[in-house]
Amino acid sequence: MGQDMYFYGRRVCFIGAHPDDIELGCGALIAHIVRQTEILCVTLSDNQKNPELKNLVEEHYRSMAVLGVPKDRVILGQFETRRFPHFRQEILEYLIHINRTFQPDLVFVHTKADIHQDHVTATEEALRAFRGTTVLGFDVIRSSYGFFPSFLVEVTEEDVEKKIAALAEYKTYQNRYYFDPKITRATLIRNGAICERPYAEGFDILRIVGAFSCINR
């Protein structure tokens, strides 16, 4: 087994287009780091224009609570689902405000391999809003096309169980295949296999900002 590369962020921002995106892409990582750093989870649309999704907001808060993220660390915007490209400038300004007020050291947003129009816009505007910050891309399996994780973070069995439990709070989506616990666990096992670990959450690299230093032995 190789030597791990250690990375850190005093403040870590997770950005998703819709409720459930962050948990699907980053749930195990959030469970792993939530007690070690300050986290802000920003979802750009609350999806409340669809009457069939009226319970989604509370399900999102409960899901985040399972991961250990309190309600005051969760932001739900009101951009209209499936129309993000029409509000590109407003989304950019919204994210610039997040950057100025929260000043994250790390940002996680949708992978560039995602083809959902809202996810694409969220990623493009995040890269503009957080120009001086490391940005990693997470995968939402239902809308990705050719995603392969190039940045792998080891997580534990406990983190895996919390991710599964968090997704189980979405009763609205309980019949959707990508909420199946077996798929969640299999994805984390597969990512772990890539880096010779039991489990890993996988991301691709959108931007790395770093400084190299040598440790004198």
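Visitor: Which residues form one aromatic cluster?

Guide: In this predicted model, one aromatic cluster is formed by Tyr170, Tyr173, Tyr177, Tyr178 and Phe179. Across the whole structure, a search finds 10 aromatic pairs.

Visitor: How is a pair of aromatic rings described?

Guide: Such a pair is described by two quantities, the distance of the centres and the angle of the planes. Here, Phe7 and Phe151 lie 5.2 Å centre to centre with 85 degrees between the planes, and this aromatic pair is edge-to-face. The pair links distant parts of the chain, since Phe7 belongs to the segment before strand 1 while Phe151 belongs to strand 6, 144 residues apart.

Visitor: Why is the pair of Phe14 and Phe108 stacked?

Guide: The ring planes of Phe14 and Phe108 stand at 15 degrees, with the centres 4.9 Å apart, so the pair is stacked; the cut-off for stacked planes is under 30 degrees. This pair, too, links distant parts of the chain, with Phe14 in strand 1 and Phe108 in strand 4 (residues 106–110), 94 residues apart. Phe14 is buried at 0% relative accessibility, and Phe108 is buried with a relative accessible area of 1%.

Visitor: Which residue lies over the face of Tyr61?

Guide: That residue is Lys71, which is placed over the face of Tyr61 at 4.5 Å from the ring centre.

Notes. Residues are numbered from 1 along each chain as its sequence is written. This is a predicted model: local features need pLDDT of at least 70, side-chain atom pairs count only at pLDDT 80 or more; totals for chains, interfaces and linings use all residues. Side-chain values use heavy atoms; hydrogens and water are left out. Rings of Phe, Tyr and Trp (its six-membered ring) pair if their centres lie within 6.5 Å; planes under 30 degrees apart count as stacked, over 60 as edge-to-face and the rest as tilted. Helices (H or I, at least four residues) and strands (E, at least two) are DSSP runs, numbered from the N terminus. Buried means under 20% relative accessible area, exposed over 50%, partly exposed in between (1.4 Å probe, protein chains only). A charge sits over a ring if NZ of Lys or CZ of Arg is within 6 Å of the ring centre and within 35 degrees of the ring normal.
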